[in-house]
Amino acid sequence: MSKIPFAMIFDMDGTLFQTETVLIPALHKTFERLRRAGEWQGGTPIEEYLRILGVPIPEVWRQLMPEADEAVRARAAAWFLDDIIAEIEQGNGRLYQDVLATLASLADQGIPLFVASNGRSRYLAAIWTAFQLERYFIDCYSLDRFSLPAKSALVKQLLNDYKIESAVMVGDRGSDIQAAKENGLWSIGCLFGFASAEELRGADVIIQQFSEIGPALREIEKRAGRD
């Protein structure tokens, strides 16, 4: 495989995909299952899930159900995966505004595009299929595909596998910015996702909407040229 001089790596949830469009109804369905099974009391912890969205899946369920045993958490995670995929397959998911047009523009410029996500492979594949993302992206990396512990390790794996010499990481959480820094990459923080400005303070450029990717990339190129 020949080297790739430059690429862009995107997070999925809160960056490309408006996760809450399918997450909220799926979460209600999952916790209703748990209530019927006698394994949960009270309401559905939507705000808590949105707050921690982007952390590895096992940690999500440890935080949502701290008193439950691992078997119950595993069952809840499996139910939720089925429920959220069903929502996507029913056409209820949405990408952020201007995502497809911006990706098409980047691909037309010959920039290799990749996804690196903490989401499960089945979930990512459902989004991939629903929006025909293979038109724009070369590959989609997920933690469970490689049994890796964190986004930084996942991005490192991607860089090594495709012999990528330099890249820009685009994401909405602190883990995306950390992955960029630990792998020597530039970063674009997406403030329209789930993070606060404080969480993204380490990003090289911060954008308010996806259509600003082009200007942000030009700003990075200008800064890189001065280094």
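Start by colouring the strands: six of them form an open sheet in the order S3-S2-S1-S4-S5-S6, and the pairing is parallel. Two strands count as paired if DSSP finds at least two bridges between them. Helices (H or I, at least four residues) and strands (E, at least two) are DSSP runs, numbered from the N terminus.

This is a predicted model, in which local features need pLDDT of at least 70 and side-chain atom pairs count only at pLDDT 80 or more, while totals for chains, interfaces and linings use all residues. Residues are numbered from 1 along each chain as its sequence is written, and side-chain values use heavy atoms, with hydrogens and water left out.

**Strand S2**

Next, select 113–117, which is strand S2. Five of its five residues are buried, so S2 is largely enclosed by the rest of the structure. Here buried means under 20% relative accessible area, exposed over 50%, and partly exposed in between (1.4 Å probe, protein chains only).

Which strands can you reach from here? S1 is joined to S2 by three bridges, running parallel, and Ile 9 stands opposite Phe 114. S2 also pairs with S3 in the parallel sense, over four bridges; show Ser 117 and you will find its bridge partner, Ser 142, in S3.

**From S4 to S5**

Move to S4 and S5 (residues 186–190), parallel strands joined by four bridges. Val 168 has Trp 186 in S5 as its bridge partner.

**Helix H8**

Select residues 151–161 for helix H8, whose buried residues are Lys 151, Ser 152, Leu 154, Val 155, Leu 158 and Leu 159. Viewed down the axis of H8, these buried residues fall within an arc of 160° (taken from the directions from the helix axis to the C-beta atoms), so they line one face of the helix. An α-helix has 3.6 residues a turn, so residues three or four places apart point the same way.

What covers that buried set? The cover includes strands S1, S2, S3 and S4, together with helices H7 (143–146) and H9 (174–182). H8 lies across S1, S2, S3 and S4, and runs at about 150° to S2. Step past the helix to Lys 163, whose phi is positive, near 50°.

**The cysteines**

Show Cys 140 and Cys 190. Cys 140 counts as buried at 14% relative accessibility, and Cys 190 counts as buried at 0%.

**Zooming out**

Finally, show the protein chain as a whole, with its ten helices and six strands. Of its 227 residues, 50% count as buried. The C-alpha atoms fill a box of roughly 60 × 35 × 30 Å, taken along the principal axes.

Conventions:
Contact = heavy atoms within 4.5 Å. Axes fitted to C-alpha atoms, helices over the stretch in contact; angles between N-to-C directions.
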